[in-house]
Amino acid sequence: MKGGVTLAIETSCDETAVAFVSADGSILCSEVASQIELHSPYGGVVPELASRNHSVDLHPLIDHTIARAEVTWSEIEAVGATSGPGLASSLLIGDTTAKAIAVALGRPFYSINHMEGHLLSPFIGYNSIPPHLALIVSGGHTLLVRVAGVGDYEVIGSTRDDAAGEAFDKVGKMLGLPYPGGPEISRRAAYGNPDAYEFPRSMIDSGDFAFSFSGLKTSALYLLQKLGENPSEAVINDVCASFQEAIVEVLVGKAISAATQFSNQLIAVSGGVSCNPKLRECITSAAEKSGIEVKLALPDYSTDNAAMIAFATWQRSQAGIASSSLATDINPNLSLAKTK
Ligand code: KG4
Ligand code: ZN
């Protein structure tokens, strides 16, 4: 008998995910049914395909996760689901299913902001969330956030155009690499020379915490035109390393100056791009030099997953934050600023 278990569902984009958190906030089980192979031929997520596959995959995945977690329905005390930001038709599948389960069990339902899930993910397994500076780098967002505690967030910087992950994916596509480009670029970058080509460090000296990554795409396009058709594997690896270096330098530079300006002793990094080994290495060493502690989301909890949504649900209920009305709608453009 486990008791006090939290169930959460995440279907904001192309991963169908289900997870359980136990009464002490630790992850009991976290399962993801990836649709990467399905969308790969299109070089990006096709919303219509994503939602139809969530609806096919979700119910068997819930049964599978319940069995793996060795949980019974009556042990579930709270149910959470991602309500945005994301693709409307995808969000609706997880949100509606979670609401139906909450109603059937007579348990509270929590509408969770996907970005709050990422933001809290470095602290999975921890009881409380210390004040810190959060860097969230995903496929859709690049955010710097001052965090006072659960539900108390101030966004101090975001991207003016493309997100960091989006830039990785678009440049990956230009290089003819498999979708998504981020993991493939970081794998190849390990064999390349980061000083081989020059990429702009956009807005590095802007004096604020805004980002801009769309110029990188244009630079990559011009560079590839100059390099001609069919560049060698070694040249592609050099492009990957140089491009990655530019993104990482800007992310690390801005995160460290924000933490310094706001006297934060802790930086927490999350989102799919936080899987990037170069980013992990550079932010750790830069923070160490500035006497700042770093917490990185574990790679399994960096890319989209439901463990972070279950953990956010658990954190909110622990913090005494009210559950959500069943009439709460999904919101594809949900902002983190409106989380409290
Ligand atoms: O957080 P996430 O799974 O989904 C969103 O909420 O967007 O992030 C996905 C993004 C993709 O753009 C992917 O290319 C990027 O994370 N990504 C990486 C790496 N692994 C995933 N980017 C750079 N290096 C990686 N190793
Ligand atoms: Zn995400």
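A: Pro85 lies in the loop that runs between strand E4 (76–84) and helix H3 (88–105); helices (H or I, at least four residues) and strands (E, at least two) are DSSP runs numbered from the N terminus. This is a predicted model, in which local features need pLDDT of at least 70 and side-chain atom pairs pLDDT 80 or more, while totals for chains, interfaces and linings use all residues. Residues are numbered from 1 along each chain as its sequence is written, chains are lettered from A and ligands numbered from 1 in the order written, and side-chain values use heavy atoms, without hydrogens or water.

The bond leading from Gly84 into Pro85 is a cis peptide, with omega near -10 degrees. Glu70 is not a glycine, yet its phi is positive, at about 55 degrees.

A cis peptide bond also links Tyr179 to Pro180, with omega about -10 degrees. Pro180 sits in the loop between H5 and helix H6 (181–189).

H5 (residues 164–174) in turn packs with helix H8 (residues 233–261) at an angle of about 175 degrees, their axes 11 Å apart; axes are lines fitted to C-alpha atoms over the stretch in contact, and angles run from 0 to 180 degrees between N-to-C directions. H5 is therefore roughly antiparallel to H8 (an angle over 145 degrees). Ala164, Ala167, Phe168 and Val171 of H5 meet Phe243, Gln244, Ile247 and Leu251 of H8, contact being heavy atoms within 4.5 Å. Seven of these residues are nonpolar, one is polar and none is charged (Ala, Val, Leu, Ile, Met, Phe, Trp, Tyr, Cys and Pro count as nonpolar, Asp, Glu, Lys and Arg as charged, and the others, Gly among them, as polar).

Key. Angles under 35 degrees count as roughly parallel, over 145 as roughly antiparallel, 65 to 115 as roughly perpendicular and the rest as oblique.
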